[in-house]
Amino acid sequence: MYLHLGQSVMIPSESVIGIFDMDNTSWSFRTRLFLEKAEEEGLVMEVGDDLPRAFVLCQKIGQPATVYTTSLNSAALIRRSQSGGSFDSI
């Protein structure tokens, strides 16, 4: 199964470690530090040009973790992941 993150970007569901809301997590110093380091290392993939509302942490076996930022909210992404990654409208 795949999870649709928007803008024709789909990722394998089994590689998803977590789905995080930007507003609720970015206030933490550790989260900001993690995101800054991932950005410096080129591990952040921006899905679309809009202001990110959530980020998805993914990792495939034997590869470094990747952070996808998306304008979709975390609740919509969680719903999609629970319904098999469908293309339901938000």
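**Figure 1. Glutamine 7 and serine 8 in a loop of the predicted model.** Glutamine 7 has its place in the loop between S1 and strand S2 (9-12). The structure shown here, as in every view below, is a predicted model. Serine 8 is found in the loop between S1 and S2 as well. Most residues other than glycine have a negative phi. Glutamine 7, although it is not a glycine, has a positive phi of about 50 degrees. Serine 8 is not a glycine either, and its phi is positive at about 65 degrees.

**Figure 2. The fold of the whole chain, as context for the close-up views.** The chain contains three helices and six strands. Along the sequence these elements follow the pattern β-β-β-α-α-β-β-β-α. The radius of gyration of the chain is 12 Å, close to the 12 Å that the globule rule gives for 90 residues, so the chain is as compact as a globular protein of that length. Taken along the principal axes, the box filled by the C-alpha atoms is roughly 35 × 30 × 20 Å. Of the 90 residues in the chain, 39% are buried. Among contacts with a separation of 6 or more, 49% are between residues 24 or more positions apart.

**Figure 3. The surface and the charged side chains.** The accessible surface of the chain comes to about 5,900 Å². Carbon and sulfur atoms account for 52% of this surface. The chain carries 7 positive and 11 negative side chains. How far apart do the centres of the two sets lie? The separation of these centres is 6 Å.

**Figure 4. The aromatic pair of phenylalanine 20 and phenylalanine 55.** A search of the whole structure finds one aromatic pair. The ring centres of phenylalanine 20 and phenylalanine 55 are 5.0 Å apart and the ring planes meet at 20 degrees, so the pair is stacked. The cut-off for this description is an angle under 30 degrees between the planes. Which strands hold the two residues? Phenylalanine 20 lies in strand S3 (residues 16-21) and phenylalanine 55 in strand S5 (residues 54-58), so the pair ties together parts that are 35 residues apart in sequence. Phenylalanine 20 is partly exposed, with a relative accessible area of 28%, whereas phenylalanine 55 is buried, with a value of 3%.

Figure 5. Alanine 65 lies in the loop between S5 and strand S6 (66-70). With a relative accessibility of 22%, alanine 65 counts as partly exposed. Which residues does alanine 65 touch, not counting residues up to four places away in sequence? Alanine 65 touches Leu43, Leu57, Cys58 and Gln59. Methionine 45 is 20 residues from alanine 65 in sequence, and the two C-alpha atoms are 11 Å apart in space.

**Figure 6. Asparagine 73 and its partners from other parts of the sequence.** Asparagine 73 has its place in the loop between S6 and helix H3 (74-82). Leaving aside neighbours within four places in sequence, asparagine 73 is in contact with Arg53 and Ala54. Aspartate 21 lies 52 residues from asparagine 73 along the chain, and the C-alpha atoms of these two residues are separated by 6.9 Å.

Figure 7. Methionine 1 and glycine 18 are 17 residues apart in sequence, and the distance between their C-alpha atoms is 16 Å. Glutamate 14 has its place in the loop between S2 and S3. At 65% relative accessibility, glutamate 14 counts as exposed. From glutamate 14 to serine 71 the separation is 57 residues in sequence and 22 Å in space, C-alpha to C-alpha.

How values were computed:
Residues numbered from 1 in each chain as written. Predicted model: local features only at pLDDT ≥ 70, side-chain atom pairs only at ≥ 80, totals over all residues. Heavy atoms only, no water. Helix = DSSP H or I, 4+ residues; strand = E, 2+ residues; numbered from the N terminus. Rg over C-alpha atoms; globule rule 2.2 N^0.38 Å. Buried < 20%, exposed > 50% of the residue type's maximum accessible area, 1.4 Å probe, protein only. Contact = heavy atoms within 4.5 Å. Areas by Shrake-Rupley, 256 points an atom, 1.4 Å probe, with all protein chains shown as cover. Lys, Arg positive; Asp, Glu negative; His and termini not counted. Charge placed at Lys NZ, Arg CZ, Asp CG, Glu CD. Phe/Tyr/Trp six-rings, centres within 6.5 Å; stacked < 30°, edge-to-face > 60°.
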